[in-house]
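Subject: Structure handover

Hello,

Here is the structure I promised to pass on. Please open it and keep it beside you while you read my notes.

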Amino acid sequence: MTLVQAASLLRTRQISAQELTTAFLERIQRLNPIINAFITVDHEGAMQAAKQADARLNNGTATPMTGIPIGVKDLFCTENLTTTCGSKMLAQFRPPYESTVTRKLKEAGAVILGKTNMDEFAMGSSNETSFFGPVKNPWDISRIPGGSSGGSAAALAAQLALATIGSDTGGSIRQPAALTGITGLKPTYGRVSRSGMIAFASSLDQAGPMAWSAADAAMVLHTIAGYDPLDSTSIQADVPDYVNALATRMDGIRIGIPTEYRPDNLNAEIQKALTEAEQTFRDLGASLVPISLPHTRYAIPTYYIIAPAEASSNLARYDGIRFGYRCDDPKDLKDMYTRSRNEGFGAEVKRRIMLGTYVLSSGYYDAYYRKAQKVRRLIADDFHQAFQHVDLILTPTTPTTAFPLGDKIDDPIAMYLSDLFTISVNLAGLPAMSIPCGADQLGLPIGMQMIAPILKEDKLLSAAHAFQTATPWHQRKPEP
Amino acid sequence: MSHDPLYEMVIGLEVHAQMRTRSKIFCGCSTTFGAEANTQICPVCAAFPGVLPVLNTELVQMAIKTGLAVHGKIREKSEFSRKNYFYPDLPAGYQISQFELPIIEQGELTIERDDGSHKRIGITRIHMEVDAGKSLHEGIQGASWIDLNRTGTPLLEIVSEPDLSTPQEAGAYLKKLRAILRYLQVCDGNMEEGSLRCDANVSVRRHGHTKLGTRTELKNLNSIRNVMRAIEYEANRQIDILESGGSIVQETRLWDANINASRPMRNKEEAHDYRYFPEPDLPPLVITQQRIDAVAQHLPELPDAKRQRFVRDLGLSEYDAGVLTATREMAMFFEESVQQGAHPKTAANWISVELLGRLNRENLEIEQSKVSPNHLGRLITLIQNNEISGKIAKQVFDIMFETGANPETIVQEHGLKQVSDTGAIESIIAQVLADNPQQVQQYREGKTKVMGFLVGQVMKATQGKANPTAVNAILQDKLTG
């Protein structure tokens with residue numbers, strides 16, 4: 001069942017929000033111990049919200065999202081509901097405020113089932129850095145679901161929610177979406193408010209929907225997008241009707257195929273799936289245009305300067321003083337800082353704090369951070385140039401399909417390369433989607449990425465919808 | 001305390017001025033001073049996870065005003081940066097400040113030196129930043145308390161060029177800057193309460209040398225007097241070191257006003273690498289020329305302009321104009337008195353002699369005066385209209401100062417109205433002449449000095465209320481007639 005189908009059943013009262021919510025809560029209770037997609041399940045809150053949703057569905061004040069059970073990545077602050085960010089540091093943290101994203105979802109009547117697992121502070125590509133244990137990929141529980149929104153992706157793949165919210169700093173929505181065979185959208189930087197979303201790298205972080213289809217994602221995005229006075233970096237632009245904009249044909253659409261995203265050593269099955277997808281787009285009326293994004297190879301080093309730099313500063317507030325983990329019996333102030341942070345943060349978070357502190361330190365700033373900002377501009381310019389000639393850009397989402405748990409966790413560089421194809425988009429602030437476009441020999445999902453110009457989420461969703469109308473890949477589900 | 005004439009001082013001041021915005025710089029919390037600890041905080045200023053700063057536009061207006069007042073260049077595009085360091089009263093672990101692109105650059109103000117000459121002092125930059133909270137180490141042994149009420153209070157940091165050459169110039173600069181900030185109503189300028197803070201960078205060099213000496217930074221200077229003393233002390237300390245063949249260590253030193261000396265801050269307290277980088281949560285601040293023009297239109301008249309106008313248009317002396325424009329409140333008091341019809345020179349006299357004299361004796365500020373400018377203006381008008389004499393006016397003023405009552409009522413209630421009715425005065429004079437035949441005789445014999453005595457008798461008989469001009473004229477007439 002998709003979100004759109006469920007919304008229709010709710011609207012016609014063929015099913016109640018309480019029945020729907022109960023069904024999902026039962027499924028979570030059965031499968032979450034295996035998948036570990038949720039850190040917190042809010043039975044009481046969900047049932048309460050479902051009851052209110054039924055009231056709205058009866059009295060005519062419902063929206064299309066009313067009564068829809070969803071999961072929210074555990075870095076969106078939810079008032080009085082534990083928000084851990086996947087970290088021991090915030091294991092007991094109950095925010096006294098609501099993020100703009102969850103506030104909008106609640107106002108629309110969505111039912112939040114719980115908070116989904118994630119890499120600690122969204123730092124990771126496999127969901128193995130979570131303090132609350134790794135998430136298993138529902139397609140093969142010996143494999144990772146991707147990260148950092150691994151819980152949100154796995155919850156969908158295991159049908160534990162009708163939609164989930166993720167966040168994407170370097171691929172954290174798209175990469176797990178690809179590895180779990182679902183649809184994930186990273187909006188334009190500033191399209192969705194970051195207020196109340198726990199920061200990893202402020203200039204790159206963006207919240208977005210994860211769903212079974214582009215049509216479902218369109219509904220969720222419509223609910224959460226828009227300018228927010230509480231976020232000075234959110235964009236003051238009207239939110240188009242994404243659902244209405246969905247099309248089934250792509251006549252006249254020019255799709256750019258960047259050579260830099262098809263390395264010779266690209267996984268052959270992924271290469272094959274992409275080639276087939278290109279043919280589908282041609283059949284839908286689109287034309288394919290080879291393009292070049294020459295600065296692509298600098299994206300990973302640039303990202304691993306800028307993101308850790310911002311993170312090292314964003315995470316300074318976790319000092320054990322006002323909230324969060326504090327070590328036992330500190331000797332003095334320095335001891336309290338050192339041990340609270342040393343005991344409260346995991347290895348990957350500490351690695352990035354060190355990296356970020358280093359690149360910002362005096363004597364290195366110009367060589368690293370300032371230079372990275374210049375390269376970031378060049379990477380963004382590549383895209384602006386390309387979009388003079390094409391409407392969308394098509395690439396693989398990941399270099400491989402889901403890899404086994406433990407495979408790369410001790411090799412940070414190998415792990416960082418998982419985000420090879422997704423990172424440039426964050427540096428350029430562009431909207432991009434991953435949608436399923438095939439499977440490998442083992443049946444593991446393959447995803448492809450589409451990238452659009454600033455604020456052209458409608459074009460992105462429309463193309464994805466056309467593709468999904470013509471192909472069955474998004475309907476594949478893992479064996480229960 | 002005078003330094004070696006072979007040396008000259010090079011002084012630059014960094015002033016932190018708390019802006020009087022209604023709410024904090026990045027959230028809606030109140031900025032009122034003195035509230036119970038941690039009652040004026042929210043998730044934003046306490047830096048809870050996920051919250052974001054939203055810039056207070058009132059602060060930007062105040063910064064533009066200040067920039068215009070010191071003839072600075074207001075950047076079309078300025079940017080906020082993070083200054084990273086750990087301290088318990090800095091909840092985010094970084095201070096949001098401006099670093100590479102401050103809102104204002106290249107300003108200046110003019111100070112008057114002790115010899116009356118003027119000197120232009122450059123202002124390198126003015127930038128906006130956020131104040132930290134307070135750590136309290138009193139109370140329970142081994143514990144510290146954090147009060148975050150002040151966290152998020154907006155500051156302007158105003159950095160001068162090293163153009164100041166004496167402690168007196170530094171004092172004059174601070175006084176001038178404080179007056180401007182108060183005229184603009186953007187800052188209380190209260191150094192004791194910390195709403196205006198000053199650090200001083202001091203170095204010395206031999207006269208004629210152009211190369212700057214090694215400087216030290218002085219902190220904890222909580223009055224203009226302490227700023228001047230600390231600079232004097234520091235210059236002498238540096239000269240002593242140089243004269244004995246030593247060299248100056250670049251360091252930060254804390255002034256201790258109790259012992260009139262400074263000591264170096266421990267290295268730990270200052271060894272920071274702040275790792276500045278542009279604040280990603282705030283877009284660059286863009287200020288259009290229209291916005292600057294709009295602020296400029298509403299800029300109040302500033303001390304220098306007012307002072308010149310008082311001399312040029314109202315005929316005040318340079319000295320009086322200086323006294324009356326030293327603070328915004330004083331100037332307003334004067335101008336309001338004049339608006340009541342008081343002659344400017346007379347009003348200036350009354351304010352600087354009578355009012356300020358009394359206020360100083362009682363240790364009061366002009367804002368605390370029970371005599372309102374309106375009442376003082378009316379009192380002076382009564383003199384000008386010959387309704388009371390200057391002497392009576394002083395009696396009336398004393399009552400006004402004590403009670404705050406208006407001058408007309410006081411004159412009425414105490415029957416102090418001047419007698420100008422010539423008939424009444426004539427009959428009193430007739431009586432005085434009759435009572436003092438000896439003096440009348442002396443006058444007529446040419447001892448015209450007794451005139452004073454006779455006038456005095458008339459005034460005494462009328463309890464000072466007789467119009468002295470009329471008394472003089474009539475007496476003259478009677479005695480010579």
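A salt bridge is a side-chain nitrogen of Lys or Arg within 4 Å of a carboxyl oxygen of Asp or Glu. Please keep in mind that this is a predicted model.

**Salt bridges**

Side chains of opposite charge can pair when their charged atoms come close. How many salt bridges are there over all chains? The count comes to 51.

Start with B:Lys73 and B:Glu105. Their side chains meet in a salt bridge, at 3.8 Å from N to O. That is within the 4 Å cut-off. B:Lys73 lies in strand 2 of chain B (residues 73-74), and B:Glu105 lies in strand 6 of chain B (residues 104-112), so the pair ties together parts that are 32 residues apart in sequence. B:Lys73 is partly exposed, at 42% relative accessibility. B:Glu105 is buried, with a relative accessible area of 17%.

Next, find B:Lys306. This residue forms a salt bridge with B:Glu301, and the closest N and O atoms are 3.1 Å apart. Is B:Lys306 buried or exposed? B:Lys306 counts as buried, at 9% relative accessibility. B:Glu301 counts as partly exposed, at 28%.

B:Arg312 and B:Asp313 also pair. Their side chains meet in a salt bridge at 3.1 Å, N to O. B:Arg312 is exposed, with a relative accessible area of 59%. B:Asp313 is partly exposed, at 49% relative accessibility. Elsewhere, salt bridges that share partners join A:Arg194, A:Asp231, B:Arg82, B:Glu279 and B:Asp281 into one network.

**A charged residue without a salt bridge**

Now look at A:Glu120. You will find A:Glu120 in the loop between strand 3 (111-116) and helix 5 (150-157) of chain A. A:Glu120 is buried, yet has no salt bridge. Which side chain of opposite charge is nearest to A:Glu120? It is A:Lys350, and that side chain is 8.1 Å away.

What does the side chain of A:Glu120 reach? It reaches the backbone nitrogen of A:Gly346, at 2.9 Å. Beyond its neighbours up to four places away in sequence, A:Glu120 touches several residues, including A:Cys85, A:Lys88, A:Thr129, A:Phe345 and A:Val349.

In chain B, look at helix 2 (residues 167-183) and helix 6 (residues 303-314). Their axes come within 10 Å and cross at roughly 90°. The two helices are therefore roughly perpendicular to each other. Helix 2 of chain B makes the contact with B:Lys176, B:Ala179, B:Ile180 and B:Tyr183. Helix 6 of chain B makes it with B:Pro303, B:Asp304 and B:Lys306.

In chain A, turn to helix 9 (residues 268-283) and helix 16 (residues 457-470). Their axes come within 10 Å and cross at roughly 100°. These helices, too, are therefore roughly perpendicular to each other. The contact is made by A:Ala277, A:Thr280 and A:Phe281 of helix 9 and by A:Ala463, A:Phe467 and A:Ala470 of helix 16.

A:Met336 lies in helix 11 of chain A (residues 333-344). A:Met336 is buried, with a relative accessible area of 9%. Leaving out residues up to four places away in sequence, A:Met336 touches A:Asp319, A:Gly320, A:Ile321, A:Arg326, A:Cys327 and A:Pro330. How far apart in space are A:Met336 and A:Lys272? They are 54 Å apart, C-alpha to C-alpha, and 64 residues apart in sequence.

A:Pro138 is in the loop between strand 3 and helix 5 of chain A. A:Pro138 counts as buried, at 12% relative accessibility. Apart from its neighbours within four places in sequence, A:Pro138 is in contact with A:Ile35, A:Ala154, A:Ala157, A:Ala158 and A:Pro478. A:Pro138 and A:Gln159 are 21 residues apart in sequence and 9.5 Å apart in space, C-alpha to C-alpha.

B:Pro102 sits in the loop between strand 5 (94-97) and strand 6 of chain B. B:Pro102 is buried, at 1% relative accessibility. Not counting residues up to four places away in sequence, B:Pro102 touches B:Arg75, B:Ser78, B:Arg125, B:Ile126 and B:His127.

Best wishes

How values were computed
Residues numbered from 1 in each chain as written. Chains lettered and ligands numbered in written order. Predicted model: local features only at pLDDT ≥ 70, side-chain atom pairs only at ≥ 80, totals over all residues. Heavy atoms only, no water. Helix = DSSP H or I, 4+ residues; strand = E, 2+ residues; numbered from the N terminus. Buried < 20%, exposed > 50% of the residue type's maximum accessible area, 1.4 Å probe, protein only. Lys, Arg positive; Asp, Glu negative; His and termini not counted. Polar contact = N/O pair within 3.5 Å; in protein donor to acceptor, adjacent residues only side chain to side chain. Contact = heavy atoms within 4.5 Å. Axes fitted to C-alpha atoms, helices over the stretch in contact; angles between N-to-C directions. Parallel < 35°, antiparallel > 145°, perpendicular 65-115°, else oblique.
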